[in-house]
Amino acid sequence: MNPETEFREGLDELVVHYREIIRLLGEDIDREGLQKTPLRVAKAMQILTRGYYQDPHKVLRDALFEEKYNQMVIVKDIDFFSLCEHHIIPFYGKAHVAYIPNGYITGLSKIARVVDIFSHRLQVQERLTQQIKDCIQETLKPLGVMVVIEAKHMCMQMRGVEKQNAITTTSDFSGAFNQAKTREEFMNLLRGESKKI
C-alpha cells in the first residue's frame, strides 16, 4: 500500500469529524479555503499514523543476512517526525541506533525503516526510544542494542512554556551496552571522536 495514494478504512469518518472540529473552532466550514480541508487533514493523519499498519519486525527479518561480523554497527542521524500523543502536535529530530551483531546483520536502511514505523504512531519520545531498541533486540538477537534520540517538541515550542530551543534526549540500551565502556564508545562515535583512518 502506498500511503500517499491509498487510504485506510475510516477516512470518510475522519472527514466528518474534522469538519465538526473546524466548525467548533469558530470557522465557516463552507468557506472556499476550508471546503477541502477536512479531507486533506484526514489523509494527512492517516499518512502520519501509518506505522500502526506496518510490522517493523518483518522489515528486519526480510533483510536478515548471516554474517560473522561482531563489532558495533551504527546508523546515526536518522531524521524522524512523530506526533506527541498528549497534544497531537509534532515532535521531530534525529535517532542514532547501534547494535553488535551476533551472527546476523540486517540491511542498514531497515534500521531507518524501523525508526520510521514507530515514529508514525501517536508517541512519547521515551516509548519511541524503547520500542526501537526492543524491536531490534527481539528480531536480530544481537549482543546488544543502543538507541539515542534527540528531539524538539512543538508542544513545548508553540504552547505551554514556549521554549524554542529546548532539546530532549532519551536513550535505551541492552546487552553489551550495559557496560559503560561500550556505551562510551558509541557516544564518542556519535560525536565524531573516533580515530581517523
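Tutor: In this predicted model, helix H1 and helix H2 cross in a right-handed sense, and the residues of their contact divide into ten nonpolar, two polar and two charged. The axes of H1, which spans residues 11-24, and H2, which spans residues 37-48, come within 8 Å and cross at roughly 125°; as angles over 145 degrees count as roughly antiparallel and 65 to 115 as roughly perpendicular, H1 and H2 are therefore oblique to each other. On the side of H1, the contact is made by Leu-11, Leu-14, Val-15, Tyr-18, Arg-19 and Ile-22, and these meet Thr-37, Pro-38, Leu-39, Val-41, Ala-42, Lys-43, Met-45 and Gln-46 in H2.

Another helix to consider is H7, residues 180-190, whose buried residues are Thr-182, Phe-186 and Leu-190. Seen down the axis of H7, these buried residues fall within an arc of 85°, so they line one face of the helix. What covers the buried residues of H7 includes strand E2 (73-84), strand E3 (90-100) and strand E6 (144-153), whereas the face of H7 turned away from its buried side carries the exposed residues Ala-180, Lys-181 and Glu-184. Just after H7, Gly-192 takes a positive phi of about 80°.

Definitions and conventions
Residues numbered from 1 in each chain as written. Predicted model: local features only at pLDDT ≥ 70, side-chain atom pairs only at ≥ 80, totals over all residues. Heavy atoms only, no water. Buried < 20%, exposed > 50% of the residue type's maximum accessible area, 1.4 Å probe, protein only. Helix = DSSP H or I, 4+ residues; strand = E, 2+ residues; numbered from the N terminus. Arc of directions from axis to C-beta. Contact = heavy atoms within 4.5 Å. Axes fitted to C-alpha atoms, helices over the stretch in contact; angles between N-to-C directions. Parallel < 35°, antiparallel > 145°, perpendicular 65-115°, else oblique. Left-handed = near helix turned anticlockwise from the far one by under 90°. Nonpolar A, V, L, I, M, F, W, Y, C, P; charged D, E, K, R; others polar.
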